[in-house]
Structure formats: structure tokens, C-alpha cells
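Subject: Structure for you to look at

Hello,

Here is the structure I promised. Please open it first, then read my notes below.

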Amino acid sequence: MTEKTPKLRAALDGVPTYKPGRPAAPGGPVAYKLSSNENPYPPLPGVLESALAAAASFNRYPDMACAGLMAELAERFDVPLSHLATGTGSVGVAQQLVQATAGPGDEVIYAWRSFEAYPIITQVAGATPVPVPLAEGDVHDLEAMLAAITDRTRLIFVCNPNNPTGTVVRRAELESFLDRVPADVLVVLDEAYLEFIRDENVPDGIDLYRTRPNVCVLRTFSKAYGLAGLRIGFAVAHEPVAAALRKTAVPFGVSQVAQDAAVASLRSEDALRERVDALVAERTRVVAALAGQGWTLPESQANFVWLPLGERSQDFAAVCERAGVVVRPFPEGVRVTIGEVEANDLFLRAAEEFRKEL
Ligand SMILES: Cc1ncc(COP(=O)(O)O)c(C=O)c1O
């Protein structure tokens with residue numbers, strides 16, 4: 001008798017596996033993890049206390065409406081409560097967005113290479129991924145993305161700044177793009193790294209959302225706010241998109257610890273600014289040092305840099321690992337998070353050694 005196995009959806013067969021940035025091996029020579037764009041700082045002042053207080057009642061379900069956090073966000077961004085939705089990290093919210101808009105036969109457009117969750121969540125929904133290659137300079141090719149729109153397109157991700165290249169889409173080109181996307185196609189501006197942007201010509205997606213019902217902005221507490229382990233992100237979108245996000249949310253998905261830590265983080269704005277400024281200063285230092293070594297990189301506005309090394313990416317990652325830092329190699333290049341000063345120094349030393357061997 002042939003063993004029967006549960007029938008799984010055929011759509012899952014081609015779904016790529018999410019590859020998390022590797023941690024430093026315990027007891028090994030590697031000391032620093034620069035592979036997941038995490039924040040090297042401990043929680044902001046007051047955050048651990050709020051989280052610990054919330055932990056005392058984790059025999060209870062969390063507030064499903066995330067009311068305290070929603071009120072805080074509504075005031076901060078001057079948006080109606082009904083235009084906000086939270087989720088288990090912004091990747092959770094992104095998955096809810098795809099579920100809400102696309103199924104079999106529908107298409108989801110995104111730049112490639114970009115955030116590796118986009119093809120996964122698209123295929124899990126049974127929809128068809130439409131990756132559009134980055135243009136010269138590792139930037140979004142918005143004209144090609146417009147040309148890729150068909151009557152089956154339901155959602156377009158614009159990752160600004162782009163993970164893993166760090167490049168940005170500026171105001172004029174983004175507005176011109178949004179003006180030409182059909183009103184019934186949702187554009188998701190994924191702004192996971194917004195706080196690290198210093199280019200004044202990059203728009204704040206929330207300004208663009210205000211007059212455009214087909215624009216949704218995704219934000220996270222994982223990067224600048226340093227709450228990656230708590231899994232909390234949110235979206236700002238008009239009705240009915242925000243309402244659809246509430247329908248596709250996992251009930252009670254966002255823990256009370258995460259909600260209270262997020263509120264405390266929002267109330268620690270001065271300390272946040274100081275830390276983000278310090279990371280941006282480190283980015284400037286690292287980029288200048290790499291330029292001094294002879295590297296040519298795309299300009300990063302995020303908390304990482306991109307070395308377009310192509311097939312030498314794995315070799316470079318191995319050199320970094322021997323020097324004490326884990327970085328993130330992709331087929332097209334290597335992404336290195338801006339971390340602690342000592343970690344950045346180890347990375348710079350590895351980069352120098354690698355260039356000498358070229
Ligand atoms: C562009 C982008 N969007 C979203 C996320 C997801 O972050 P989280 O789910 O932790 O909010 C990441 C994380 O690396 C990212 O790079």
C-alpha cells in the first residue's frame with residue numbers, strides 16, 4: 001500500500017526559503033553579526049521596564065486592537081485610527097497586504113534584487129511574482145516597473161531605501177511613478193529603513209499616502225527602534241486597505257510586550273535620534289574608508305552598505321568571517337550592516353585585505 005501524505009498546495013513547491021542572516025557561531029572566532037541589519041544598541045530608555053511590566057501578565061491575551069499603540073501612532077503621524085494596522089513585524093503586515101490583494105492569477109511587482117520576503121509571500125498567496133531588475137547603479141527601475149503592469153497586477157512593492165542595495169527613490173521620480181500607476185493597483189512603500197535617510201530629496205511615504213488612496217506605507221520597530229526580536233510593525237493606508245489588513249491579521253499576533261515596548265520606544269524620541277545619528281555617522285565613516293580603499297559602492301541611505309561583488313561575494317564573506325564578522329552574501333553582492341564601531345573596524349580590515357588580493 002502506498003503511503004498517503006497530506007495534500008499540500010502546489011503553489012508552495014516553488015516558494016524559496018527565507019534565509020536569515022547567520023549569527024556569530026558560539027565559541028568560534030566570529031564575534032559580530034552584521035548580516036541582518038539589526039540595531040547594535042540595547043533597548044531605548046524605559047523600554048525594557050515597559051516590556052518587563054507587560055511580561056508579568058502574559059497569561060492573558062494581548063489587546064487585539066493594539067489600542068494604546070494605535071492612539072500613539074495616530075497622534076504622531078496625524079492620521080485617523082482607521083488608517084492604521086499593526087502586524088507581526090512589517091514582514092507580517094506585508095504578507096497581510098498580499099493576502100488581501102492577490103491570489104492565483106494575480107501579479108505582484110517588485111524590484112529585484114530587493115527584500116527577499118517579497119517573492120516568498122507572493123508565492124505563498126498563490127500569486128505570480130513579477131521581479132523587475134534593478135537599473136544601473138542598483139536603483140529601482142520605476143519605468144520598467146510601470147511597463148510591467150498588466151490588468152492582473154494587484155500590488156507593487158517599492159522598497160525605499162532598497163534592501164539590500166541601500167539605494168533610494170527620490171520624490172520627483174516616485175511622484176511621477178505614482179501618478180501613472182492605475183488607481184486600482186496598490187503601491188506599498190516599504191520604509192523599514194526610513195529613519196536612516198539623510199537625502200532630503202527622499203519623500204516621507206506618509207506625505208504621499210495622504211492624497212493617494214492606493215498608497216500604503218509600511219514601517220517597522222525592528223531597525224532604528226531596535227525591537228527586531230519583538231516582531232512589531234505597522235501600516236498606514238486608507239480604507240478599505242487598512243480594514244482589509246485588520247481582517248488578514250493573525251488574531252492576537254502582536255504581543256502585549258511588543259505593543260508596550262513600541263509605545264515606550266516612541267516616547268524615547270531624543271535617545272532614538274542620538275542613536276540613529278551615531279549609526280549614520282558610522283555609515284559615513286565606513287563608506288569613506290571603503291572609498292579610500294578603492295571600492296565603488298552605490299550610495300546607501302540605510303543602516304547597511306552594499307558591495308556589488310557578483311561571483312566573488314561568497315569569497316568576500318569568508319574573508320570577513322575569518323576577520324570576526326558575519327556578513328550577508330547574495331549572488332549579486334554582499335550586504336554589510338553598520339554595527340558596533342569595533343565590528344565595523346573588523347569589516348573594514350577584511351575589506352582592505354580582500355582588495356589587496358584582487
Ligand atoms: C525592506 C524590509 N522590509 C521589511 C522588513 C521586515 O522587518 P520586520 O518584519 O522585522 O519589521 C525588512 C527586514 O529586514 C526589510 O529589510
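Let's start with Pro164, which is in the loop between β5 (153-159) and α6 (171-180). Helices (H or I, at least four residues) and strands (E, at least two) are DSSP runs, numbered from the N terminus. The peptide bond from Asn163 to Pro164 is cis, with omega near 20 degrees.

Before going on, note that this is a predicted model: local features need pLDDT of at least 70, side-chain atom pairs count only at pLDDT 80 or more, and totals for chains, interfaces and linings use all residues. Residues are numbered from 1 along each chain as its sequence is written, and side-chain values use heavy atoms, with hydrogens and water left out.

Another cis peptide bond joins Glu239 and Pro240, with omega about 0 degrees. Pro240 is in the loop between β8 (233-237) and α8 (241-248). Asn37 has a positive phi, near 55 degrees, and is not a glycine. Find Asn37 in the loop between β1 (32-33) and α1 (47-55). Why point these out? Because most residues other than glycine have a negative phi, and most peptide bonds are trans.

Now the ligand. There are 13 residues around it, and Ser90, Asn163, Tyr193, Thr220 and Ser222 come nearest. (Near means that a heavy atom of the residue lies within 4 Å.) The shell has five nonpolar, five polar and three charged residues. Here Ala, Val, Leu, Ile, Met, Phe, Trp, Tyr, Cys and Pro count as nonpolar, Asp, Glu, Lys and Arg as charged, and the others, Gly among them, as polar. Helix α3 (residues 89-101) gives the largest share of the shell, three residues.

Next, the polar contacts (pairs of N or O atoms within 3.5 Å). The side chain of Asn163 has an N or O atom 2.7 Å from an oxygen atom of the ligand. In Asp190, a polar side-chain atom lies 2.7 Å from a nitrogen atom of the ligand. For Thr220, a polar side-chain atom is 2.5 Å from an oxygen atom of the ligand. Taken alone, the ligand exposes 400 Å², and the protein buries 93% of that (Shrake-Rupley method, 1.4 Å probe).

Which space does the ligand take? It is the largest pocket. A pocket is an open set of points on a 1 Å grid over the protein atoms alone, where a 1.4 Å probe fits, with protein on both sides within 12 Å along at least five of seven lines. A molecule sits in a pocket if more than half of its atoms lie within 2 Å of its grid points.

Best wishes

Methods:
A polar contact is a pair of N or O atoms within 3.5 Å; within protein, one must be able to donate a hydrogen and the other to accept it, and residues adjacent in sequence count only if both atoms are side-chain atoms. On a 1 Å grid over the protein atoms alone, a cavity is a set of points where a 1.4 Å probe fits but cannot get out, and a pocket is an open set with protein on both sides within 12 Å along at least five of seven lines; lining residues have an atom within 4 Å of a point.
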